[in-house]
Amino acid sequence: MEGSNMNDMSQIDQGVAVDTLKMRARGVDVYYGDNHAIKEVDVDIADKTVTAFIGPSGCGKSTFLRVLNRMNDTIDICRVEGDVTLEGEDIYDPKVDPVQLRAKVGMVFQKPNPFPKSIFDNVAYGPRIHGLAQNKADLENIVEKSLRRAALWDEVKDRLTAPGTGLSGGQQQRLCIARAVATSPEVLLMDEPCSALDPIATAQVEELIDELRSRFSVVIVTHSMQQAARVSQKTAFFHLGNLVEFDDTDTIFTNPSDPRTESYITGRIG
Amino acid sequence: MTDMPISTAPKRSLYAQDARTKKRNRAETRFRVYGMAAVITGIIALIVLLTSILGNGLSAFQQTYISYPITLSEDRLDPEGNRDPAEMAAVTTFGYLPVIAMSLQQHLEAEGIDPGMGGRELAAMLSEEAPAQIRAMVLANPELVGTTIDAEILVGGRIDGFFKGRVTMESAERDRNVSPAQLVLAQQLAELGMMETRFNWDFITWPDASGSRPEAAGLGVAIIGSFYMMLVVLALALPIGVAASIYLEEFAPKNRLTDLIEVNISNLAAVPSIVFGILGLAVFINFMNFNQSSPLVGGLVLTLMTLPTIIIATRASLRAVPPSIRQAALGLGASKMQSIFHHVLPLAMPGILTGTIIGLAQALGETAPLLLIGMVAFVREYPDFLSTHSNTFPLMGDGATALPVQVYSWTQRSDPAFVERASGAIIVLLVFLLMMNLIAILLRRRFERRW
C-alpha cells in the first residue's frame, strides 16, 4: 500500500473511518486531440469513502472519472499522461489489460443503460463473463445479493425474467448499480447517476451510495452540490480542466480555501 | 392589406385568413396534391404491371392435354421382342411419333369422328414433346410394350393457345403452323372430354424445351440453378459481409486507409452489375478455369455484387445500436469482442437479416452478370450441385441457368407462346421475391427488441 498522505490538501476526514488509499492520480493530463481537457490533476481516492467530483459543465470531471477505469481508451483521439495507480499498480502500464481493470473498477453511467435482456441476465452478465459463479445456485445467490444491495430486490424478485428495460427510470438505474456491484468491484465510479432521476429515486440512490461505502470506495460525479454534500466525505472541485480544490466535503462547503470554489458553491460561477 | 406596418394595423381578426396564411395554406395543399399524384402514379404503374404480367403469365400454369388409348405396338418399339431397355433405347422419338399418331387416328375412327384432315395434319396437333413423353414412359417400364395404355399427352402449342384465346380461327388462316380444321377438331374433342386444359406443375418442374415446343418448356432447371446460387451467396456473402462490417465499424482504426475502403464499398454498391459479370468471366472462368455457367461461378459473381449491400446494411444497423449499450458492457469489464457479440450484434440482427435478404433478393433477380458467365445457355439437364459430368472441377457443379436469365432467353424466342411462358416465369420470380421479403419482415419482427 502507498502512504496515504502524499498530498497536503487531502487530509483524512476525521468523521469517517477511512483506512487506506485505494487509487492515486498524480500529474494526470488528458488531451482530446489538441484540446487539453485535464491539466495536472492529483487526486487520492481513499478506500470505503465516497469521493465527489463537482464543477461546472465541461470542467473535465467526467473525463477524469473515465481516466480511473480507462474508459477513455475507447475514444481514439483521447490521450492520457501521468500516473494513476490502483493499490500501487500503475493502471496505464502496458501490461495492464483494461478489461481486468474494469472488473475491479466498475462504472455506473449517467443515463440508465440496462441491456435489453431480463433483469436476471442484466445482473448475471458480469459474474458470468468473469466466471465468478461456480454453478447456477451460486449465480442466483450473487444476483439476489446484488439486487438486495441495490435496494431493488423487493421490487423485482417476482419478475426476474422480465426485461430490464421495462423498469422505471429509477429502478433501471438501481439495476445498473446492481449490475456493477455484482462483479464485486473495489472501486465504483458513478457518472452523474441521478441526473435522469426524480427526487424520490435520487434519494433512494443516494441512500444506496451511502450503504455501498461500507464495501467499496465510491467516486461520484455530480452537478448537484447538495448531493455532493449529502453523500460524500471528500470533494474535488474541477474548473476548466484544473483541480481547484480537493478536501473534506465539510471543509469545501463551509470553509473553501480557493475563491473559485467559494464562487461556485455559492452560485456565482458555473 | 398586410403590407401595412404592424403598428398601424393593430386589429386583425382571427376569423379572416390574411394573405400570408392563405399563401402558405395554398402551398401546403399543392404539396399534398403533388404527393398524392406521385403515390397514385406509382399505384397505377404497379397495377398495370401486375395486370399485364398476370394476364399474360397465369395461363402458363395451365396446359392442354389430350388423352386417348395408345397401342404400343411391339414390332415398332421393341423389334427384337426381348424387352431389353438398352436395345429399346435405340428407338428414338421419331419411332414413337407414328405409334401415337396412328393410335389417335384409330381412336377417332372408333369414336366415329371424322377428323376432316390427313394423318400428317392430325399428328401435327400433338406436341413434339408427346413422343418423348411416351418414350420415357415405355423405357421406365418396358412391360408396357404390346399393351394399350390410356395416356395423357401434350397437344401442340397452337392448339393449347386456341384454348387460352391466343390463337383464333382468323389467325389460324394466316398461320402455317395451324389450320382452322385442326381448331375445329380440337373444339370437338374438347367437347367430348378428350382434350382438357388444366393446371399443371410441369411448368415449375420441367426443364426448358426447344423453340418449337413452348408447351413443354418449364422452369425446373432455372429454379434449381437460382436456388444453388442463392445457397452460395448466402454461405459466402453473409459471413464475409458481417465480419467485414464488424471489423470496419468496431475494430478498424479511423485513418485514411479505412476511409478509402469505406468510400470504395459505397462505390461498389453502385457499380453496374454487368461489370461484376466481366470480372467473374475474367477471374473465375478464364483465370481460375471454373466450369462455365455453373451455379458456383454464378453464386460467386452474385456474392461480389451482394457484398456491398450487406456490408452497408450491417454497418448501418451496427451504428444504430446505442453506444450506451457498448459502454455498459465495457464498464462491466467485458472485452470488446464480448460487448459486440453479446450485446451489439443481437441488437443489430434484425437490420443485418433484412439487409441480407434484400441483397439476396437483388441477386435472385440479377440477369446481366450471369449472361457474361455463360448462364444464358440452353440447359435441358437438371444440374447437380456436385458435378458428375465435369472432370476438371467436379465440385463446381454442372452448367445451369437462372430464373431471370430464363425469362430473358424465352422473350427472345419467336413463338408467341413463349410470351406466356416468360410472363409465367416472372410470376414465379415475383412469388419468390415476395416470399423472401416476407421472411425478412418476419425475422425482423422476431428479433426486434426495444431498448
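Which backbone oxygen does the side chain of Thr356(B) reach? The side chain reaches the backbone oxygen of Ile352(B) at 2.7 Å; a polar contact here is a pair of N or O atoms within 3.5 Å, where within protein one atom must be able to donate a hydrogen and the other to accept it, and residues adjacent in sequence count only if both atoms are side-chain atoms.

This is a predicted model, in which local features need pLDDT of at least 70, side-chain atom pairs count only at pLDDT 80 or more, and totals for chains, interfaces and linings use all residues. Residues are numbered from 1 along each chain as its sequence is written, chains are lettered from A and ligands numbered from 1 in the order in which they are written, and side-chain values use heavy atoms, without hydrogens and water.

Thr356(B) lies in helix H16 of chain B; helices are DSSP runs (H or I, at least four residues) numbered from the N terminus. Thr356(B) is buried, with a relative accessible area of 3%; buried means under 20%, exposed over 50% and partly exposed in between (1.4 Å probe, protein chains only). Not counting residues up to four places away in sequence, Thr356(B) touches Leu234(B), Leu238(B) and Ile310(B), contact being heavy atoms within 4.5 Å.

The largest nonpolar core has 52 residues, and Leu219(B), Leu302(B), Leu370(B) and Trp410(B) have the most contacts inside it. Such a core is a set of buried Ala, Val, Leu, Ile, Met, Phe, Trp, Tyr and Cys residues joined through side-chain atoms within 4.5 Å. Helices of chain B that each supply at least two residues of this core include H11 (220–251), H16 (336–364) and H19 (417–447). H19(B) gives the most, with nine residues. Domain 1 (61–200) and domain 2 (220–447) of chain B each provide at least three residues of this core, with bounds from an automatic or database domain assignment. A second, separate core of 43 residues includes Ile177(A), Val181(A), Leu208(A) and Leu212(A).

| Item | Value |
|---|---|
| Residues in contact | 19 of chain B, 24 of chain A |
| Buried area | about 1700 Å², 62% on carbon and sulfur atoms |
| Polar contacts | five residue pairs (both at pLDDT 80 or more) |
| Salt bridges | zero |

Buried area is the accessible area (1.4 Å probe) that two parts lose on being put together, summed over both. A salt bridge is a side-chain nitrogen of Lys or Arg within 4 Å of a carboxyl oxygen of Asp or Glu. Gln327(B), Leu332(B) and His343(B) supply 34% of the area that chain B buries against chain A.
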